[in-house]
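Thanks for coming, everyone. Please bring the structure up on your screens, and we will walk through it together.

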Amino acid sequence: MPKKFSFLLALAVTLGLPLLLHSGSLASEVLIYALAAMGCNLLLGYTGLLSFGQGIFFGLGSYTIAILLTRLQCPMPLALLAAVTAGSLGAAMVGWVAIRQRGTYFVMLTLAFAQMFYFVAYTASGLTGGDNGLLDVPRPALLNTPWKYYAFVAAIFLLAFAVLQRVTESIFGRTLLAIRDNEDRAAAVGYSIKRFKLLAFVISGAVTGLAGGLHAMMTGIAPLSNAEYHTSEMILVITVIGGTGNLFASVLGSAFYVLLADWLSTLWPRWLLLLGLLLIGVSISMQRGLWGLAESAWHRVFRKTPPAPAAAQGEQA
Amino acid sequence: MSVYLLQTINGIGIGMLYFLLAVGLSIVFGLLRFVNFAHGAFYLLGAYLCFQAMQWGLDFWLALVLVPLCVGALGWLAEKLLLRRVYAKAHEFHILVTVGLALVVQETVVVLWGPLGNNVPTPELLQGVVMWGAFIYPKYRLFVIGFTALLAVLLWWVLEGTRLGSAVRAGSESTETVSLLGIDVFRVFSLVFALGAATAALAGVLAAPIRGAEPFMGIEALGVAFVVVVVGGLGSFGGALVGGLLIGIVQSLMSTIWPQGASLMVYVAMAAVLLLRPHGLLGRKG
């Protein structure tokens with residue numbers, strides 16, 4: 001796919017959301033979870049690492065910005081930068097231990113770390129507010145309406161998208177793909193697998209921390225639930241539904257999930273039951289997520305040859 | 001009697017339940033090669049079906065036999081109808097389908113029984129305490145320790161001494177070879193998934209009189225089972241036992257020493273084990 005095309009699609013989404021949605025917060029949420037899912041996608045789709053611990057970095061980001069804004073009256077851009085840093089530091093720590101393992105053991109480790117972080121956040125109530133979370137996270141006066149805040153989120157989202165696009169298309173990104181497709185061979189060629197995986201983790205953590213920080217400012221709270229199992233689960237589910245291996249797929253996944261969840265939750269308080277059924281349906285019927293679906297539809301309409309499946313599939317967890 | 005001794009015995013009881021949870025997860029993983037995120041949901045279902053059976057005035061002992069059979073059957077069906085369709089797909093879809101299943105079970109439980117927790121009575125025969133001199137201990141908890149120890153022996157025999165067990169162990173090494181030897185691998189898959197679901201449900205039934213039944217115990221149990229498997233070593237029966245006991249005892253002791261941090265210390269223990277032995281206590285490298 002042409003390099004610019006993905007970015008144009010992302011730009012179209014940021015411009016289209018205000019036209020389609022009534023709520024600025026909902027639109028911001030789509031982009032925030034798209035950021036988090038792109039971070040997850042970098043690990044799952046580009047490096048072949050299925051991380052169930054993305055909630056850690058999301059939670060770190062939201063706690064960091066909440067603490068800095070409410071207790072230290074830190075300037076907002078600085079606090080957001082700190083959230084990014086906290087996310088990447090957390091990712092470096094989790095990654096350092098987790099990447100020594102492969103496959104299922106890796107998945108379990110990341111989930112165990114996610115649970116550990118939850119209990120740390122729960123226990124350190126002096127810092128995190130424990131069960132109540134941190135309340136009254138302020139937003140600068142300039143961003144005081146939902147749509148103004150959306151414009152801010154959209155600008156950051158586009159910037160992050162462009163940066164991640166550059167990362168995935170760089171030699172570094174290509175090397176990650178090589179690791180995903182055949183770790184042993186990449187090692188044999190002389191790449192330091194661990195260093196690449198760790199760096200991928202750090203970048204992923206930074207983006208996810210950013211998303212967490214933006215989320216805390218949007219809702220005005222940094223709740224304990226941002227550090228819960230469900231956040232990790234949600235980020236991973238969005239990423240898989242969207243499809244892996246292409247950044248825009250995560251935006252698609254986020255829009256689908258956030259809007260669907262918003263709609264379902266108005267229908268029935270137990271909407272998670274419907275979501276569960278949907279997840280089962282999706283995993284049985286889809287091969288490569290929404291993006292794969294869109295791609296095959298595109299090729300059918302324009303009668304081109306379908307892409308080689310190897311280009312979009314990561315085999316190893 | 002010393003409170004620490006008491007808590008250690010409590011820990012052994014909890015730890016044996018954790019073992020039961022983890023061993024199912026571990027054998028399912030060993031053979032089917034994916035993490036079953038619905039494992040906690042089977043445990044949840046076990047506890048709630050036990051609660052329902054009591055509500056209907058059924059005997060606890062009947063529930064102890066029937067509930068695992070029902071949940072096992074459900075697991076068998078889930079494997080046949082859902083999981084079998086995703087084996088050929090990428091790993092993330094295996095996880096997605098079990099995550100979906102877990103959500104469906106959890107929310108169905110809330111729809112049927114409400115979002116609040118329920119108490120489950122201790123069976124009449126096991127109410128009260130045992131007294132041997134200075135040693136005083138609840139009968140039910142002693143029963144749990146004895147019964148799970150018996151189950152552990154039984155499970156070990158199933159895995160080591162039966163034809164199904166050899167198929168499972170061989171299949172964990174190489175599914176292709178086993179199917180080339182003329183064994184219907186998919187039948188073994190269904191049976192193992194059913195067995196995993198049944199053991200989780202059994203743990204749920206046994207835990208219900210101790211901790212009651214509430215909708216979010218499934219996720220909690222899933223987290224603990226992962227920790228036990230990670231600590232003990234993936235795919236190791238002994239590891240699940242040692243890991244389960246270690247985690248159970250740590251949690252139990254810490255709940256006297258530092259109640260707010262008891263759950264946290266479980267994860268600290270895990271981190272400590274991982275730093276010393278990256279593949280778990282009894283895990284094999286690679």
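Chain A has 14 helices and zero strands. Keep in mind that this is a predicted model. Read chain A from the N terminus and the pattern is α-α-α-α-α-α-α-α-α-α-α-α-α-α. Along the principal axes, the C-alpha atoms of chain A fill a box of roughly 55 × 45 × 35 Å.

Now, how do helices pack in this chain? Two packed helices are described by the angle between their axes and the distance between the axes. I have two pairs to show you in chain A.

Start with helix 2 of chain A, residues 24–47, and helix 7 of chain A, residues 146–169. Their axes come within 8 Å. They cross at roughly 15 degrees. Angles under 35 degrees count as roughly parallel, so helix 2 of chain A and helix 7 of chain A are roughly parallel to each other. The crossing of these two helices is left-handed.

Who meets whom here? On helix 2 of chain A, the contact residues include Leu31(A), Leu35(A), Met38(A) and Tyr46(A). On helix 7 of chain A, they include Trp147(A), Tyr150(A), Phe157(A) and Leu164(A). By class, the contact of helix 2 with helix 7 of chain A has 17 nonpolar, four polar and no charged residues.

The second pair is helix 3 of chain A, residues 54–70, with helix 10 of chain A, residues 193–219. Their axes are 7 Å apart, and the packing angle is about 50 degrees. That makes helix 3 of chain A oblique to helix 10 of chain A. Helix 3 passes helix 10 of chain A in a right-handed crossing.

Look at the residues in that contact. Helix 3 of chain A brings, among others, Phe57(A), Gly59(A), Gly61(A) and Ser62(A). Helix 10 of chain A brings residues including Gly205(A), Gly209(A), Gly212(A), Gly213(A) and His215(A). The class count for helix 3 with helix 10 of chain A is nine nonpolar, eleven polar and no charged residues.

On to chain B. It has eleven helices and two strands. Where do the strands fall in the order? Along the sequence, chain B reads α-α-α-α-β-β-α-α-α-α-α-α-α. The radius of gyration of chain B is 19 Å, close to the 19 Å from the globule rule for 286 residues, so chain B is as compact as a globular protein of that length. The box for the C-alpha atoms of chain B is roughly 60 × 50 × 35 Å along the principal axes.

Let's zoom in on the two strands. Strand 1 of chain B covers residues 129–132, and strand 2 of chain B covers residues 135–138. They run antiparallel, joined by four bridges. Met131(B) has Ile136(B) as its bridge partner. Trp132(B) stands opposite Phe135(B). Together the two strands of chain B form a hairpin, with two residues between them. Check Gly133(B) in that turn: its phi is positive, about 60 degrees.

Chain B gives us one helix pair as well. Helix 1 of chain B, residues 3–32, meets helix 10 of chain B, residues 237–257. The axes come within 6 Å and cross at roughly 140 degrees. These two helices of chain B are therefore oblique to each other. Their crossing is right-handed. By class, the contact of helix 1 with helix 10 of chain B has 16 nonpolar, twelve polar and no charged residues.

Last stop: where the two chains touch. Chain A puts 36 residues into the contact, and chain B puts in 38 residues. Which elements of chain A give two or more residues to that side? They are helix 5 (103–123), helix 11 (229–242) and helix 13 (271–285) of chain A. Helix 5 of chain A gives the most, with twelve residues. By class, the side of chain A that touches chain B divides into 24 nonpolar, eight polar and four charged residues.

That's the tour. Over to you.

How values were computed:
Residues numbered from 1 in each chain as written. Chains lettered and ligands numbered in written order. Predicted model: local features only at pLDDT ≥ 70, side-chain atom pairs only at ≥ 80, totals over all residues. Axes fitted to C-alpha atoms, helices over the stretch in contact; angles between N-to-C directions. Parallel < 35°, antiparallel > 145°, perpendicular 65-115°, else oblique. Left-handed = near helix turned anticlockwise from the far one by under 90°. Contact = placed C-beta atoms within 7 Å. Nonpolar A, V, L, I, M, F, W, Y, C, P; charged D, E, K, R; others polar. Pairing = 2+ DSSP bridges. Rg over C-alpha atoms; globule rule 2.2 N^0.38 Å.
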